[in-house]
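Have the structure open while you read, and click on each residue as it comes up.

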Amino acid sequence: QVRLVESGGTLVQPGESLRLSCAASGVGFGLDRYAIGWFRQAPGKEREGVSCISSVGSTYYTDSVKGRFTISSDNAKNTVHLQMNSLKPEDTAVYYCAALSRKRALVQAMCTRPETLEYWGEGTLVNVSA
């Protein structure tokens with residue numbers, strides 16, 4: 001069983017930055033064998049893939065966050081970060097991290113099909129408001 005815990009969500013003003021973290025744990029878990037994705041769900045909207053990273057470092061970003069968000073992994077700490085810059089009100093959502101036990105996962109496919117992810121965290125709320 002894999003456990004994912006998100007942290008870092010809070011209230012920020014437009015234009016500010018925030019870093020989310022996803023700490024993963026479990027027997028036999030390692031970021032060299034799992035792909036991790038960040039997804040978000042705003043009120044009244046469907047869950048969407050924001051950014052994903054494979055076990056070999058391939059990354060994917062949805063168009064609306066390209067150039068503003070950066071995903072990175074710290075394999076030694078089994079933690080994946082999402083650095084979010086130039087935040088906009090439309091970035092307001094609950095952000096979830098999710099894991100897929102697959103080496104060299106196809107990150108675009110993974111990010112656009114959240115139903116394929118095997119493990120999910122409880123989410124952390126990001127509120128971008130003046």
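The points below go from the whole chain down to one residue.

1. First, some housekeeping. This is a predicted model, where local features need pLDDT of at least 70 and side-chain atom pairs count only at pLDDT 80 or more, while totals for chains, interfaces and linings use all residues. Residues are numbered from 1 along each chain as its sequence is written, and side-chain values use heavy atoms, with hydrogens and water left out.

2. Overall make-up: the protein has 11 strands and 1 helix. Both are DSSP runs numbered from the N terminus, with at least four residues (H or I) for a helix and at least two (E) for a strand. Going along the sequence, you get β-β-β-β-β-β-β-β-β-α-β-β.

3. Size: the C-alpha atoms fill a box of roughly 45 × 25 × 25 Å along the principal axes. Of the 130 residues, 45% count as buried; that means under 20% relative accessible area, with exposed being over 50% and partly exposed in between (1.4 Å probe, protein chains only).

4. Now look inside. The largest nonpolar core has 29 residues, and Leu-20, Trp-38, Phe-69, Leu-82, Met-84 and Tyr-95 have the most contacts inside it. Such a core is a set of buried Ala, Val, Leu, Ile, Met, Phe, Trp, Tyr and Cys residues joined through side-chain atoms within 4.5 Å. Among the strands giving two or more residues to this core are E3 (18–25), E8 (79–84) and E9 (93–100). There is also a second, separate core of 11 residues, including Cys-52 and Leu-117.

5. Beyond its neighbours within four places in sequence, Leu-82 is in contact with residues including Leu-20, Trp-38, Phe-69 and Tyr-95. Contact here means heavy atoms within 4.5 Å.

6. Which strands make up the open sheet of 4 strands? The order is E1-E3-E8-E7, with antiparallel pairing; two strands pair if DSSP finds at least two bridges between them. Strand E1 (3–7) and E7 are the edge strands, each pairing on one side only. E1 and E3 are joined by 5 bridges, and Arg-3 has Ser-25 in E3 as its bridge partner.

7. Finally, is Asp-91 buried or exposed? Asp-91 sits in the loop between E8 and E9, yet it is buried, with a relative accessible area of 1%. A polar atom of the Asp-91 side chain lies 2.8 Å from the backbone nitrogen of Lys-88. Leaving aside neighbours within four places in sequence, Asp-91 is in contact with Arg-40, Arg-68, Phe-69, Ser-86, Val-126 and Val-128.

Technical notes. A polar contact is a pair of N or O atoms within 3.5 Å; within protein, one must be able to donate a hydrogen and the other to accept it, and residues adjacent in sequence count only if both atoms are side-chain atoms.
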